[in-house]
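Reader: I would like to go through this structure term by term. For each label, please set the value against the criterion and conclude.

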Amino acid sequence: MRAAPILALTGVAAVSMSLLTACGGDDDGGAKADAIAVTATDKSCEVAKTDLTAGKLTFEISNKGSKVNEFEVLRPDGSILAERENIGPSTKAEFVVKLDAGSYTLLCSAGQTGKGPSTTVTVTGQAAGAGDPRLAKAAAEYKTYVLAQINDGYTRTEAFVAAVKAGDVAKAKELYAPSRIGWESVESVAEKFGDLDPRMDAREADLKPEERKNWSGWHLLEKALWKDGSVKGKEKYADQLLKDLGEVRTRLNTLTLDPVNDMAAGAKGLLDEVATGKVTGEEETYSHTDLVDFKANVDGAKKVYDLLEPIVKERDAALASDLDTGFKNVYTLLAEHEKDGSYVSYDKVGEADRKKLSDAVNALGEPLSKLAKVVAQ
Amino acid sequence: MTAGTASDEPGPRRRARMSRRSMLGLSGTGLVAGAAAGVGLDRAAFAREGEPKAAEAVPFHGAHQAGIATPVQDRLHFAAFDVTTGDRARLVRMLKEWTAAAEAMTAGRPVGDGAAGGLSVAPPDDTGEAVGLPASRLTLTIGFGPGLFEKDGKDRFGLRSSRPAALVDLPHFPGDALDPARSGGDIAVQACADDPQVAVHAIRNLARIGFGTVAIRWSQLGFGKTSSTTPDAQTPRNLFGFKDGTENIAGTDAKALAAHVWASAADGAGWMAGGSYLVARRIRMHIEPWDRTSLGEQEDVIGRDKAEGAPAGAAREHDPVVLARLKPDAHVRLAHPDSNGGARILRRGYSFTDGTDGLGRLEAGLFFLAYQRDPRTGFIRVQNNLATDAMNEYIQHVGSGIYACPPGVRKGGYWGQGLF
């Protein structure tokens, strides 16, 4: 788990396609003439026009206040659809968002606290190109995958928890890494629940000193198993972990996943997890089972790509080719470290091999970061 | 090494004072003020009038690559890449993308659609840290290492037969302690600029574009130029505290450049005509022992006096070097063209300090960069002659690379087009 912005995802945020904040530079010459003026001060947020037509909309935000401002477009449930940060005092910023029909709240947050005065706007009509049915289908299939992965993870975690509670250290060590596969494969979605993720997947090194006494989750058990060699007294953490995973499953049921943010950006996020946590060996400090997580992260990203592949091939064949090559190379390298149906301990992977893995992850992560743009087109 | 592969130039001194403008006219790789180059509303527009120097953009296109004869900028970021793909088409595609990015960045413009204003769900094309900074005379110079032509016995890109004879594998020189992790590379890019952030931005963005095609093998920052290719400018000092490169080949000396720096079709490899060969050496200086060395010995080791930079037995920096007046093992004497069959190389090295090592010593030295028409008669010839150099007690070569730098890019062309 990495510290990540916690999104307000309670309730059904059924926005799917409209996330697409569009490009200010390419195809919309003259957008500025149609720009909707937003005047922000430290205490007000005036929008020149509140009845808007669906499609790509350009907002021109003038910050006439004394603090750095942030402009947010909120869905009816209060979750953030898109935002433009760091608008300095006495400066203007242009911001392009594609909006479907519906009601939205535009919020100016002086001091960038996420709070501030707002104006409600109504969008009517049908945005051109909105809702390619294949994208909605891909998103639905992805949700099925996410749930299946968490279900599988739940079953494996159940077995792991049982071993911990039985005090069977050897068995628990064997079951630890497999218990995390489901979670890791859909981590970018699963970790959205900002209250659960830190409880389940926090690393000790990421905690503030005052948070350490409340540390819990997989990595606490990892440390007990590998460093202390005993899980005595840790039963309650095992129980809590399973309970939290069940809660993740319940909440996931209510989510509508978005092909841009949850899938494309999520896949990129999974590769970031690999690049910053797994390649360095920081994720599994004690168990050194990083390559198991590594594979699960990549598998989750691959699933996203597989579901979106027909669309990517159609819209950007070169990107599809780079992604094909990128995934293939990562899997080939990972295979070199397979051992007994799993992977070698990461502390046995030398610097030269880590460099190769890191290069392959960068080679895949860069084209993967372009997936969102292609899907959002 | 630069501390003086001091190819001190014999014969009449070339010290005619030139205005910068006349110099520009002669050099062909001269400077053009940002506005005059049509940079317009780009990053350069942020530079205030009356401060033209840093805002200047060096033209990217030309017969030769910029960054060789170009007046040496203040800062360096040098990167060596391994090519990780075996796909020739993908490599060519990247070289085209790199060329487009280099054209933009050297003109003070951002890469692609810029650092902001694009889709908010997509990462920006440009990484953004150079927004608001002028072009800062950024030059980007590419070179191809032996591994591009053949690696582990494999001809990955069908280029084996195009490898120039002059692109030799450098031999082992006495005293070498080369770290493979700081040596070699299939492709090298030298980014020089007057602002370190501009140079680092350039390498970072090229590396990003290159992911999947190349991976950085090693890179080096340089903070202070140790050589000048502008003879009427003040000669910079290296970390030994000595003036370095007093009689380097001037970027305006077309005759010397043609004779010693630019490769010609007649040399064997037609695609290298107008190009040059780069030898890069990371030279660690044993700073602390050097600082404890007496002034007299320091001056004997170098062969120049410390304050003025005059050759031993002379009064002024630019007085002719009389070899017989220098100690037999003085650096300047052994590196001098007269001691090397007339060999001259164009040096544009930089001082580096990568913090300190685990023993509390400065991890510092000279990142030596030398361009020449043929390394066999240039760097290799001179470096072999330095085997008895008194300076060797205070330095160690710890990294090394050799690269064939193709000629300049014509408008609409790309880096290395003649090779592919």
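Reader: What makes β5 (69-74) and β8 (102-110) of chain A a pair of strands?

Author: In this predicted model, 6 antiparallel bridges join β5(A) to β8(A). Pairing asks for at least two bridges, so the two strands count as paired. Within this pair, Val73(A) has Leu106(A) as its bridge partner, and Phe71(A) stands opposite Cys108(A).

Reader: How do you know that β8(A) also pairs with β9 (118-124) of chain A?

Author: By the count of bridges again: 6 bridges join β8(A) to β9(A), and the two run antiparallel. The criterion is at least two, so this is a pair as well. Thr105(A) stands opposite Thr120(A) in β9(A).

Reader: Which sheet do these strands belong to, and why are β3(A) and β6(A) called edges?

Author: The sheet is open and mixed in pairing, with 5 strands in the order β3-β9-β8-β5-β6 of chain A. β3 (51-53) and β6 (80-87) each have a single partner strand, so one side of each has no neighbour in the sheet. The twist from one strand to the next averages 25°.

Reader: What makes β1(A) and β2(A) partners?

Author: β1 (36-40) of chain A is joined to β2(A) by 3 bridges, in antiparallel fashion. At least two are required, so the pair qualifies. One position in this pairing is Thr39(A), which stands opposite Glu46(A) in β2(A).

Reader: Which strands stand at the edges of the sheet that holds β2(A), and why?

Author: That sheet is open and has 4 strands in the order β2-β1-β4-β7 of chain A, with mixed pairing. Its edges are β2 (45-47) and β7 (92-99), because each has a single partner strand and one side left without a neighbour. Here the twist averages 25° from strand to strand.

Reader: Where does Thr144(A) lie, and why is it called exposed or buried?

Author: Thr144(A) lies in α1 (133-165) of chain A. It has 9 other C-beta atoms within 10 Å. A residue with 12 or fewer is exposed, so Thr144(A) is given that label. Thr144(A) and Leu99(A) are 45 residues apart in sequence, and their C-alpha atoms are 27 Å apart.

Reader: Which residues of α5(A) are buried, and what does the label require?

Author: The buried residues of α5 (218-228) of chain A are Trp218(A), His219(A), Leu221(A), Glu222(A), Ala224(A) and Leu225(A). The label requires 20 or more other C-beta atoms within 10 Å, so each of these residues reaches that count. They pack against α1, α2 (169-185), α4 (197-201) and α6 (235-253) of chain A. After α5(A) comes Gly229(A), whose phi is positive, near 70°.

Reader: How is chain A divided into domains, and how far apart are their centres?

Author: Domain 1 covers 16-124 and domain 2 covers 133-376. Their centres, taken over C-alpha atoms, are 34 Å apart.

Reader: What makes Ala199(B) part of a nonpolar core?

Author: The largest nonpolar core has 99 residues, and Ala199(B) is among those with the most contacts inside it, along with Ala191(B) and Tyr277(B). Helix α3 (88-106) of chain B gives the largest share of this core, 7 residues. Membership needs a buried residue of a listed nonpolar type joined through C-beta atoms within 7 Å, so Ala199(B) meets both conditions as a core member. Leaving aside residues up to four places away in sequence, Ala199(B) touches several residues, including Leu76(B), Leu138(B) and Ala191(B).

Reader: How much of chain B is buried?

Author: Buried residues make up 52% of its 420 residues. The secondary structure of chain B comes to 10 helices and 10 strands.

Reader: How many residues of chain A are in contact with chain B, and what counts as contact?

Author: 26 residues of chain A are in contact with 14 residues of chain B. Contact means C-beta atoms within 7 Å, so each of these residues has such a partner across the interface. α10(A) gives the most to the chain A side, with 5 residues. That side divides into 11 nonpolar, 8 polar and 7 charged residues.

Note on methods:
Residues are numbered from 1 along each chain as its sequence is written. Chains are lettered from A and ligands numbered from 1 in the order in which they are written. This is a predicted model: local features need pLDDT of at least 70, side-chain atom pairs count only at pLDDT 80 or more; totals for chains, interfaces and linings use all residues. Two residues are in contact if their C-beta atoms, placed from the backbone, lie within 7 Å. Ala, Val, Leu, Ile, Met, Phe, Trp, Tyr, Cys and Pro count as nonpolar, Asp, Glu, Lys and Arg as charged, and the others, Gly among them, as polar. Axes are lines fitted to C-alpha atoms, for helices over the stretch in contact, and angles run from 0 to 180 degrees between N-to-C directions. Domain bounds come from an automatic or database domain assignment.
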